[in-house]
Amino acid sequence: MDRTEKTGLGVAIAGHVALFALLSFSLMWRQPPSFSHPPMDVTLSTEAAMESAAPKITQQPAESQAPEVGPPAEAAQSTPVKMTSAEPQPAPPKPKPAPQPKPAEVSKPQPEKKQPAAKPEPKPQPKKSKGDSKASDQPHERGSRLGPNFLKGITAEKSASTTQAPRASKIGAQDIANIAGLIKRQVQPCYDLGALAGTSAMSIVTVLRLQFRRDGSVASATLSRQDGVNGSNQQYSQQMADLSRRAVLRCSPLKGLPPDLYKGGWEDIEFTFRPSDFG
Amino acid sequence: MNFVFNTNAATLSPIALFLQADWVVKIVMIGLLLASIWTWSIIFSFWRKLGRTRKATEKFERDFYRAEDIDAFHRLHKDTDLAAARVFTAGVAEWRQSTRNRTVDRAGTRERLATTMGATVASEIDRLSDRLNVLATVGSVAPFVGLFGTVWGIMHSFTQIAQSQSTSLTTVGPGIAEALFATAIGLFAAIPAVIAYNRFSHGVNKIEARLNRFADGFHATLSRQLEGAA
């Protein structure tokens, strides 16, 4: 190695070190834009769970039923119970009768018993007032007045509530929307369209029937139905169903679902996967 | 400006890419970096050597054709470290050896002179182009070595997909970027090496042609001298 080669080596090493340092130091520093979003997701989910679920449960039934029934303010409390119990009977009979978690509904079981009897004949009010030990006099008076109107009110409300809540009749539409939002937010990260993204499979809307355990884990997820299947994406339908099921099972213990809305609520629901929302 | 070594994988910082790579990829990267340093050191030294040789040869030839007395010129340039001077010295030595005796075999002397000088030219060119084969090797092999590092790194990141059960781009992306960095270094080493190899072999060819012309000219001079001497 003569002098020329030594200087050559020196120059080469110096050049490489300079280039390396140039690239490693902040010349290629383009960080800030990528660091802005992570914190937001975390706070959102907890807020939505606690605040929106609790207040609306109590308010909704009371509001919607009191005005329709009419004058009797005290009877308002007993009537809602009746109506809710009347609603479930057409679709899902099991969940409602036994496990109602609300503490103030000691009077509930009694109205329910009466209902079967009340159905055939339009005379439920008198019976109910007898059963209630508290206000036996007042219901009597009002009951006679209300008789015919009251039945109408029941039927009207029935139809309104069933459209929004297929399985969980106790829970208002808002709560269902909130729960659906909660589930969607947690399932979304696990929902991976993979190679199907952007294909005609995106127009398949998959509805799954989800049954949860109390701890938020998924007990079963079965395909309820699929919409938007046509000739061009028929071959994807099975794949989309599997994909949706996998998303739910993978994120399985869902957190933050309000425990007081479990029975008759998110215990057994139908959940819609619209790929365009999840993408 | 922030003068800290940037070790975040989300940037193109070479040190971050290096530190987060698999060890096989690291070895490949180090090897390619050394190859690149070696290549550039050869490029620098060869460039200077070639330029100097060209200039000195030009000057030597000019002096040679102007020289009145070849013996005096030989004394002056006996120890010059130059290819043309060595060719000249070899010719003069052969000439002296062949014409030492009384009877001179002219045809044999001419042939020996040509052979000796031709051999000296060849050996000088060999010496000059010694390092060119390194450039050729680096130029042809470095991309493959880099590719090996990339393939290995991508395999590695695929196993990481399997481990983390996630195919999202954020899990795969950094690993693939590190792997591709190996190919980038390979090309970084290979491209200058190939360019320099072509340039320098062209330069060496020119010098070889020049030496041959000089040897032929000197041979012609000696040959004429041989005729006169007889």
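**Figure 1. Chain B of this predicted model runs α-α-α-α-α-α-α from the N terminus on.** Chain B has seven helices and zero strands. It contains 230 residues, and 33% of them count as buried. Consider contacts in chain B between residues at least 6 apart in sequence. Of these, 79% join residues at least 24 apart. The mean pLDDT of chain B is 83. A value of 70 or more is reached by 94% of the residues in chain B.

**Figure 2. Helices H2 and H4 of chain B pack at an angle of about 40°.** H2(B) covers residues 23–66, and H4(B) covers residues 83–98. Their axes lie 8 Å apart. Is this pair roughly parallel or oblique? The angle makes H2(B) oblique to H4(B), because roughly parallel is kept for angles under 35 degrees. On the H2(B) side, the contact is made by Thr53(B), Thr57(B), Phe60(B), Glu61(B) and Phe64(B). On the H4(B) side, Ala83(B), Ala84(B), Ala85(B) and Phe88(B) take part. What kinds of residues make up this contact? Six are nonpolar, two are polar and one is charged. As background, an α-helix has 3.6 residues a turn, so residues three or four places apart point the same way.

**Figure 3. Helix H4 of chain B has 16 residues.** From its first C-alpha to its last, H4(B) reaches 23 Å. That is close to the 22 Å expected at 1.5 Å a residue. Which residues of H4(B) are buried? They are Ala83(B), Ala84(B), Ala85(B), Val87(B), Phe88(B), Ala90(B), Gly91(B), Val92(B), Trp95(B) and Ser98(B). Look again at Ala83(B), Ala84(B), Ala85(B) and Phe88(B). These residues of H4(B) are buried, and they also belong to the contact with H2(B).

**Figure 4. Ser140 of chain B sits in helix H6.** This helix spans residues 132–164 of chain B. Ser140(B) counts as partly exposed because it has 13 C-beta neighbours inside 10 Å. Now follow the chain to Ala190(B). Ser140(B) and Ala190(B) are 50 residues apart in sequence. In space, their C-alpha atoms are 6.9 Å apart.

**Figure 5. Glu5 of chain A is in contact with residues of chain B.** Glu5(A) is found in helix H1 of chain A, residues 3–24. Which residues does Glu5(A) contact, leaving aside its neighbours within four places in sequence? They are Ser41(B) and Ser45(B). Glu5(A) has 17 C-beta neighbours inside 10 Å, so it counts as partly exposed. For the complex, the predictor gives an ipTM of 0.71 and a pTM of 0.49.

**Figure 6. Chain A has ten helices and three strands.** From the N terminus on, its elements run α-α-α-α-α-α-α-β-β-α-α-β-α. Chain A has 279 residues, and 25% of them count as buried. Take the contacts in chain A between residues at least 6 apart in sequence. Here 71% join residues at least 24 apart.

**Figure 7. Met240 of chain A lies in helix H8.** H8 of chain A covers residues 237–250. Is Met240(A) buried or exposed? Met240(A) is buried, because 24 other C-beta atoms lie within 10 Å. The cut-off for buried is 20 or more. Set aside its neighbours within four places in sequence. Met240(A) is then in contact with Ala201(A), Ile204(A) and Thr206(A). Val205(A) is 35 residues from Met240(A) along the chain. The C-alpha atoms of these two residues are separated by 8.6 Å.

**Figure 8. Gly265 of chain A is found in helix H9.** H9 of chain A runs over residues 262–266. Gly265(A) counts as buried because it has 26 C-beta neighbours inside 10 Å. How many residues separate Gly265(A) and Gly172(A) in sequence? They are 93 residues apart in sequence, and 9.6 Å apart in space from C-alpha to C-alpha.

**Figure 9. Two stretches of chain A have pLDDT under 50.** The mean pLDDT of chain A is 65. Of its residues, 47% reach 70 or more. Over residues 104–121 of chain A, pLDDT stays under 50. The model has 25 contacts beyond four places in sequence for this stretch. Over residues 155–169 of chain A, the pLDDT is also below 50. That stretch has 26 contacts in the model beyond near neighbours in sequence. Where pLDDT is low, the predicted coordinates should not be read in detail.

Note on methods:
Residues are numbered from 1 along each chain as its sequence is written. Chains are lettered from A and ligands numbered from 1 in the order in which they are written. This is a predicted model: local features need pLDDT of at least 70, side-chain atom pairs count only at pLDDT 80 or more; totals for chains, interfaces and linings use all residues. pLDDT is the predictor's confidence in each residue, from 0 to 100. Two residues are in contact if their C-beta atoms, placed from the backbone, lie within 7 Å. Axes are lines fitted to C-alpha atoms, for helices over the stretch in contact, and angles run from 0 to 180 degrees between N-to-C directions. Helices (H or I, at least four residues) and strands (E, at least two) are DSSP runs, numbered from the N terminus. Angles under 35 degrees count as roughly parallel, over 145 as roughly antiparallel, 65 to 115 as roughly perpendicular and the rest as oblique. Ala, Val, Leu, Ile, Met, Phe, Trp, Tyr, Cys and Pro count as nonpolar, Asp, Glu, Lys and Arg as charged, and the others, Gly among them, as polar. A residue is buried if 20 or more other C-beta atoms lie within 10 Å of its own, exposed if 12 or fewer, and partly exposed in between; C-beta atoms are placed from the backbone. The expected span of a helix is 1.5 Å times one less than its number of residues.
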